[in-house]
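Please look over the sequence and the three-dimensional structure shown below. The paragraphs that follow lead through them step by step.

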Amino acid sequence: MRMLDADRKHGVRILQLYLSPQEAEELRDGLTDLLRDPERNAHHHVSTDDMSRDISFSLVTPRKLADISRYTAVERKLLLEE
């Protein structure tokens, strides 16, 4: 598991989420979609109604991590962490 604070451009070790029921359903549905084909290069978002907060999520697999060139520099740094 890797978590990135995109505003501050660094990893997050512990994260607490407080989701509305609708947001939880969107997260579940997005994960279900991603799990249909974990190797697909795709991601999903869950955003608040006013777009002031956003969760972006995707799946990483050993195959995807074998070629991390498609990720940004900050994402690569995070993905290479142990």
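**Salt bridges, pocket and core**

Arg63 is exposed, with a relative accessible area of 61%; here buried means under 20% relative accessible area, exposed over 50%, and partly exposed in between (1.4 Å probe, protein chains only). The structure is a predicted model, in which local features need pLDDT of at least 70 and side-chain atom pairs count only at pLDDT 80 or more, while totals for chains, interfaces and linings use all residues. Residues are numbered from 1 along each chain as its sequence is written, and side-chain values use heavy atoms, with hydrogens and water left out.

The side chain of Arg63 meets that of Glu39 in a salt bridge (4.0 Å, N to O). The term salt bridge denotes a side-chain nitrogen of Lys or Arg within 4 Å of a carboxyl oxygen of Asp or Glu. Arg63 belongs to helix 2 and Glu39 to the loop between helix 1 and strand 3, so this pair ties together parts that are 24 residues apart in sequence. Helices (H or I, at least four residues) and strands (E, at least two) are DSSP runs, numbered from the N terminus. Glu39 is partly exposed, at 30% relative accessibility.

How many salt bridges are there by this rule? The count comes to six. One of them joins Glu81 and Arg13, whose closest N and O atoms are 3.7 Å apart. Glu81 lies in the segment after helix 3, and Arg13 in the loop between strand 2 (10-11) and helix 1, so the pair ties together parts that are 68 residues apart in sequence. Glu81 is partly exposed at 26%, whereas Arg13 is exposed at 66%. Asp5 and Arg8 form another salt bridge, with the closest N and O atoms 2.9 Å apart.

Arg8 is located in the loop between strand 1 and strand 2. Lys9 lies in the loop between strand 1 and strand 2 as well, and it has a positive phi of about 60 degrees although it is not a glycine. Met51, in the loop between strand 3 and strand 4, has a positive phi of about 65 degrees and is not a glycine either. Lys9 is exposed at 57%, and Met51 is exposed at 61%.

The next topic is the interior. In soluble globular proteins, nonpolar side chains tend to be buried together. The largest nonpolar core has six residues: Leu27, Leu34, Ala42, Val46, Phe57 and Leu59. Such a core is a set of buried Ala, Val, Leu, Ile, Met, Phe, Trp, Tyr and Cys residues joined through side-chain atoms within 4.5 Å. Leaving aside its neighbours within four places in sequence, Val46 has contacts (heavy atoms within 4.5 Å) that include Leu27, Ile55 and Phe57.

The last topic is the largest pocket. A pocket is an open set of points on a 1 Å grid over the protein atoms alone, where a 1.4 Å probe fits, with protein on both sides within 12 Å along at least five of seven lines; lining residues have an atom within 4 Å of a point. The largest pocket is lined by 40 residues, and Met3, Leu4, Ile55, Ser56 and Phe57 lie nearest its centre. Strand 4 gives the most to this lining, with four residues.
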